[in-house]
Amino acid sequence: MNGSTKKRMNGLYDRLKRKEAKLAVIGLGYVGLPIALAFARKLKVVGFDINRKRVDMMRRGEDPSEELDKEAFAGADIHFTADIEDLRDVEFFIVAVPTPIDQQNIPDLTPLLGATRTVGQVLKKGDHVVFESTVYPGCTEEDCVPLLEQLSGLKYITDFKVGYSPERINPGDKAHTLESIVKVSSGCDAESAETVAKVYELVVAAGVHRAPSIKVAEAAKIIENTQRDVNIALTNELSIIFNRMGINTYDVLEAAGTKWNFLKFQPGLVGGHCIGVDPYYLVFKAKELGYHAQIIDSGRYVNDSMGGYVAKQTVKKIIATGTNPTDAHVLVMGATFKENVTDIRNSKVADVVKELQSFSCQVDVTDPHADSDEVKHEYGYALTQAIKGPYDAIIVAVNHREYAGYDEAWFKAHLKPNGVLVDLKGTYRNRINDLAYWSL
């Protein structure tokens, strides 16, 4: 490393603060856009996304994910672009793209490696690259760094620095935001680790935890969601057992929750791009190392099977009323992966619908937040704009705020006289007296 490159690296933080250097965020989805806007209130930022339609929306102050309002864009020193040429004078890169799985539950690094290629084409001596995408431990240095070296012709650590700082943004959560959640950060050496941490401290009021290595930071992120997944799987399995006993799971959890150290997890469908995906990255890496992750794998099996379980239980309830499933009309309320968001990625509601359709039930799906065209493209069915009823069963699959005020009279008005209400999250369990009712 020559003297000028070392000086440029050492002074990067100060030059970013003086707006003499630029920071870029690669990938402007649920994670990337809030980060880019937060930094743009302090630094000069380039927001890069390969989707030109999304870029055009953001230039107009519109969040394609519908998480942020126009005020979030006000006063931000940011240039939104889909042109790689706008990245050539950037010195600090943050990569925040999705890391999905394929049909075989194998990690799909296509978006991550694509973003890495973008950065590699514009990487210069002295630049820093920080990855936020959730990956298995080792991915940053084993998969991404060699690509950066190959495309840039530069040498890792000597010519450019790399860090890892996992995202912790929770879509739809207005309380736990980027600024209020402690940020884990790391770097490839002591110097870069401190630079990365100081840059994030500009926007994270809750503070930054400096992990001792990139691999530790990667592992910390992957176990956050794996831990939740395993605990929810246990609760889902308990709900199956309690159903056979004829007792309500939520009543049991409420009673058990009076103990100070009881962990208050609830049963439900586990989808989305985090909890329903991340554990597979750890399972994949474990297999590479010759170990079968039994508890994690079992938890994934339980949670992935819950959509089919809910549908089968619904069909059983319909049959018990004397109705043939082939003549049944079912309404599924909610299509997103969780409440009060527009995100339909890896929504397990689709598993419920698919299983119902396998019994030849006629299924209507409604959702106040999801986009019908996106649902049709992703899962093969469109949303019902007008509730047609009366139905043999209504499944409240996602507890959107719009559904909270519905009472027994509303469900009675949309169900047949012997219809069944299936309430996955137990939202209405103390409000239903006359209807046939079932929850997890």
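Visitor: What covers the buried residues of helix 13?

Guide: This is a predicted model. In it, the cover over the buried residues of helix 13 includes helix 12 (306–320) and helix 14 (372–379), along with strand 9 (329–333), strand 10 (362–366) and strand 11 (391–396).

Visitor: And which residues in helix 13 are buried?

Guide: Helix 13 spans residues 349–358, and the buried ones are Val 349, Ala 350, Val 352, Val 353, Glu 355 and Leu 356.

Visitor: What follows helix 13?

Guide: Ser 360, with a positive phi near 70°.

Visitor: Rings now. How many aromatic pairs are there?

Guide: The count is 12. One of them is Phe 73 with Phe 80, a tilted pair with 6.1 Å between centres and 55° between planes. Both Phe 73 and Phe 80 are buried.

Visitor: Why is the pair of Tyr 379 and Tyr 381 called stacked?

Guide: Because their planes are at 20°, and under 30 degrees counts as stacked. The ring centres are 6.3 Å apart.

Visitor: Is Tyr 379 buried or partly exposed?

Guide: Tyr 379 is partly exposed, at 24% relative accessibility, whereas Tyr 381 is buried at 10%.

Visitor: Which residues do ring pairs link into a cluster?

Guide: Tyr 403, Tyr 406, Trp 410, Phe 411 and Tyr 428.

Visitor: Last one: which ring does the charged end of Lys 183 sit over?

Guide: The ring of Tyr 200, at 4.5 Å from its centre. Likewise, the charged end of Lys 259 sits over the ring of Trp 260, 4.4 Å from the centre.

Note on methods: Residues are numbered from 1 along each chain as its sequence is written. This is a predicted model: local features need pLDDT of at least 70, side-chain atom pairs count only at pLDDT 80 or more; totals for chains, interfaces and linings use all residues. Side-chain values use heavy atoms; hydrogens and water are left out. Buried means under 20% relative accessible area, exposed over 50%, partly exposed in between (1.4 Å probe, protein chains only). Helices (H or I, at least four residues) and strands (E, at least two) are DSSP runs, numbered from the N terminus. Contact means heavy atoms within 4.5 Å. Rings of Phe, Tyr and Trp (its six-membered ring) pair if their centres lie within 6.5 Å; planes under 30 degrees apart count as stacked, over 60 as edge-to-face and the rest as tilted. A charge sits over a ring if NZ of Lys or CZ of Arg is within 6 Å of the ring centre and within 35 degrees of the ring normal.
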